[in-house]
Amino acid sequence: MPTQYIDKEEEYFLRIEMERRRKLEEEHQKKLAAEEKKKLKDLHYMKCPKCGMDLSEIDYQKVKIDKCFNCEGVWLDAGELELVEKLEASVLNKLFGIFKK
């Protein structure tokens, strides 16, 4: 066999091997990213962003509000502010009254 065919054959198998390794590395990176995301969620889930203590979920008028009883912080999740805006003014006064000391 001429050497040019051998070179092309080696190149072909080298490309296949490189593609296999690239895919393996990509899968490995995705797995690491997913593990890091889970680790961060486990570390920070329901923790106060201000003081780091545990948050308690308070259900008020079908709105779940996260409250830190350490620093008295009140936190809303995505979409909850819009729900609070729809409450009547008197209900809002009662709502925010429960967070005052």
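The model described here is predicted. In these terms, Met46 is located in the loop that runs between helix H1 and strand E1. Its phi is near 55°, a positive value in a residue other than glycine. Met46 counts as partly exposed because its relative accessibility is 22%, and buried means under 20%. Gly52 is also placed in the loop between helix H1, residues 3-44, and E1. With a relative accessible area of 38%, Gly52 is partly exposed. Between Gly52 and Cys71 there are 9.5 Å in space, C-alpha to C-alpha, for a separation of 19 residues in sequence.

The strands form an open sheet of 3 members in the order E1-E2-E3, with antiparallel pairing. E1 and E3 stand at the edges and have a single partner strand each, so one side of each lacks a neighbour in the sheet. Strand E1 covers residues 56-60, and its antiparallel pairing with E2 extends over 5 bridges. Within this pairing, Ser56 has Lys67 of E2 as its bridge partner. The hairpin of E1 and E2 has 2 residues between the strands, and Gln61 in this hairpin takes a positive phi near 50°.

Lys67 stands opposite Val74 in E3, and Asp66 has Trp75 of E3 as its bridge partner. The hairpin formed by E2 and E3 has 6 residues between the strands, and Glu72 lies in its turn with a positive phi of about 70°. Glu72 is a residue other than glycine. It is partly exposed, at 25% relative accessibility.

Strand E2 is largely enclosed by the rest of the structure, because 4 of its 5 residues are buried. Asp66 is located in this strand, which covers residues 63-67.

Salt bridges in the model come to a count of 8. One of them joins Lys64 and Asp59, with an N to O distance of 3.9 Å. Lys64 is partly exposed, with a relative accessible area of 38%, whereas Asp59 counts as exposed at 52% relative accessibility. Salt bridges that share partners also join Glu17, Arg20 and Arg21 into one network. In the bridge between Glu17 and Arg20, the closest N and O atoms are 2.6 Å apart. Both residues lie in helix H1, at a separation of 3 residues, about one turn of the helix. Glu17 is partly exposed with a relative accessible area of 24%, and Arg20 counts as partly exposed at 43%.

Helix H1 also contains Arg22 and Glu26, which are 4 residues apart, about one turn of the helix. Their side chains meet in a salt bridge with an N to O distance of 3.0 Å. Arg22 has a relative accessible area of 41% and is partly exposed. Glu26, at 39%, is partly exposed as well.

Aromatic rings take part in a further set of arrangements. The count of aromatic pairs comes to 1. This pair is formed by Tyr12 and Phe13, which are edge-to-face, at 5.2 Å centre to centre and with 75° between the planes. Charged side chains are also placed over rings: Lys41 lies over the face of Tyr45, 5.4 Å from the ring centre. Lys67 lies over the face of Phe69, at 5.1 Å from the ring centre. Lys67 is also the bridge partner of Ser56 and stands opposite Val74 in E3.

Key. Residues numbered from 1 in each chain as written. Predicted model: local features only at pLDDT ≥ 70, side-chain atom pairs only at ≥ 80, totals over all residues. Heavy atoms only, no water. Phe/Tyr/Trp six-rings, centres within 6.5 Å; stacked < 30°, edge-to-face > 60°. Lys NZ or Arg CZ within 6 Å of the ring centre and 35° of its normal. Buried < 20%, exposed > 50% of the residue type's maximum accessible area, 1.4 Å probe, protein only. Pairing = 2+ DSSP bridges. Salt bridge = Lys/Arg side-chain N within 4 Å of Asp/Glu carboxyl O.
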